[in-house]
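Q: Could we go through the disulfides in this structure, and then a helix pair? Please begin with one of the bonds.

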Amino acid sequence: MGYTDPTFNRDLLGNRSLLFIFICAFAVVTLLQQILYGRNYLKRYFEYYDGPFDYNSTKCLDLRREIMELKVLTVARQTELFERWKNLQICKWEMNITEANFFKSTLSRCCNAPAFLFTTQKNTPLGTDLKYEVDTSGIFHINVEVFRMFPKEMPYSRSQFKKCAVVGNGGILKNSGCGQEIDGADFVLRCNLPPISRKYVADVGVKTNVVTVNPSIITERFQRLEKWRRPFYQVLKAYENASVLLPAFYNTHNTDVSLRVRYVLDDFQSRKAVYYFHPKYLTNVSRYWLTQGVRAKRITTGLILVTAALELCEEVHLFGFWGFPMNPSGIFITHHYYDNVKPRAGFHAMPSEMFNFLHLHSRGVLRVHTEACSYS
């Protein structure tokens, strides 16, 4: 008869007991973590979503700093930029007068919109041999007929308008409900004859003080105004008393068709003003933004208008600007609010332009609107 160990099958604080104790301790620690996490989650929830935060609150300073810390935009960092931009939407925006004035003084030195945005009789006297922006070897002699088309001097002055809206044509505007807020601005600039019919008015508004016309639009849609001119005139009528702005001296191909716009409006006895970008202004604006990392064959009309507005207006708001195929939430959007026709590949550098706009927003220089509007 063999000897039997009295502790056999009893595991007094042996492996199984230690394992049981470890499991219980782990469960208690996990439960405490969940309780603490729940409290932190609620804290974070109310911190982020309990109404908009003041521009200079600690949280908003941190969120703005996170965007400013992104110095170079790459495809790999776009998602990070989108996330940081979405986070910033909990913050109220207000203009930083110091930053805005500093930036505007920079634009004044490099570009000077109040003196050179338009070609005028003052900055381009009769008999001037005007150099084109792109075809620099080309010269356009300012004769009496063309000279009379120019305004005597710039019709706008520095910081003349309190609040300006520059309206891009991006798909980000679709279903935004921003029309009333856009129309509430003192001065509204639009790009390239965008539709503002009843179908779009809730999102884009109708008020227009300046609308640009790309000569390629006249060539493609209106046969260079060499045949029937009434369809073009009818399109312009939708903008009521808005001034028309064209890059007549961008290159030699643009000149005749741009000048023809003036003749068409005169034929229909329209009182609309027609202005032409000064090529010196376009050159200087392109050079400035090149120093800010915008490398493109051609900067967009939107960027040119935003640059001008920063000198002509005290406060500048951007609508319809978002140079990416997806909105900040990562959902694909159409290129324009009215169609999905894209520009020539490599012609513009819209992501770089947008990257600069988001930095300027974070500095309090201008405001970029990408969320739905709640105008009151």
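A: A disulfide, meaning a pair of cysteine sulfur atoms within 2.5 Å, joins cysteine 110 to cysteine 111, with an S to S distance of 2.4 Å. This is a predicted model, in which local features need pLDDT of at least 70 and side-chain atom pairs count only at pLDDT 80 or more, while totals for chains, interfaces and linings use all residues. Residues are numbered from 1 along each chain as its sequence is written, and side-chain values use heavy atoms, with hydrogens and water left out.

Q: Which hand does the disulfide of cysteine 110 and cysteine 111 have?
A: The torsion about its S-S bond is about -75°, so this disulfide is left-handed.

Q: Is cysteine 110 buried, partly exposed or exposed?
A: Buried means under 20% relative accessible area, exposed over 50%, and partly exposed in between, with a 1.4 Å probe and protein chains only. Cysteine 110 is partly exposed at 23%, whereas cysteine 111 is buried at 3%.

Q: How many disulfides are there by this rule?
A: The count comes to four. With the bonded cysteines of the protein chain numbered in sequence order, the pairing reads 1-2, 3-4, 5-7, 6-8.

Q: What does cysteine 164 pair with?
A: Cysteine 164 forms a disulfide with cysteine 313, the sulfur atoms being 2.0 Å apart. Cysteine 164 lies in strand β3 (residues 161-167) and cysteine 313 in strand β8 (residues 313-319), so the pair ties together parts that are 149 residues apart in sequence. Strands here are DSSP runs of E with at least two residues, and helices are runs of H or I with at least four, numbered from the N terminus. The link of cysteine 164 and cysteine 313 is left-handed, with -85° about the S-S bond.

Q: And where does the disulfide of cysteine 60 and cysteine 91 sit?
A: The sulfur atoms of cysteine 60 and cysteine 91 are 2.1 Å apart. Cysteine 60 is in helix α2 and cysteine 91 in the loop between α3 and α4 (97-110), so the bond ties together parts that are 31 residues apart in sequence.

Q: Changing topic: how do α2 and α3 pack?
A: Helix α2 (residues 58-68) and helix α3 (residues 78-88) pack at an angle of about 155°, their axes 9 Å apart. They are therefore roughly antiparallel, a term for angles over 145 degrees.

Q: Which residues meet there?
A: Cys60, Leu63, Arg64, Glu66 and Ile67 in α2 meet Arg84, Trp85, Asn87 and Leu88 in α3, where contact means heavy atoms within 4.5 Å. By class, this contact has five nonpolar, one polar and three charged residues.

Terms used:
Axes are lines fitted to C-alpha atoms, for helices over the stretch in contact, and angles run from 0 to 180 degrees between N-to-C directions. Angles under 35 degrees count as roughly parallel, over 145 as roughly antiparallel, 65 to 115 as roughly perpendicular and the rest as oblique. Ala, Val, Leu, Ile, Met, Phe, Trp, Tyr, Cys and Pro count as nonpolar, Asp, Glu, Lys and Arg as charged, and the others, Gly among them, as polar.
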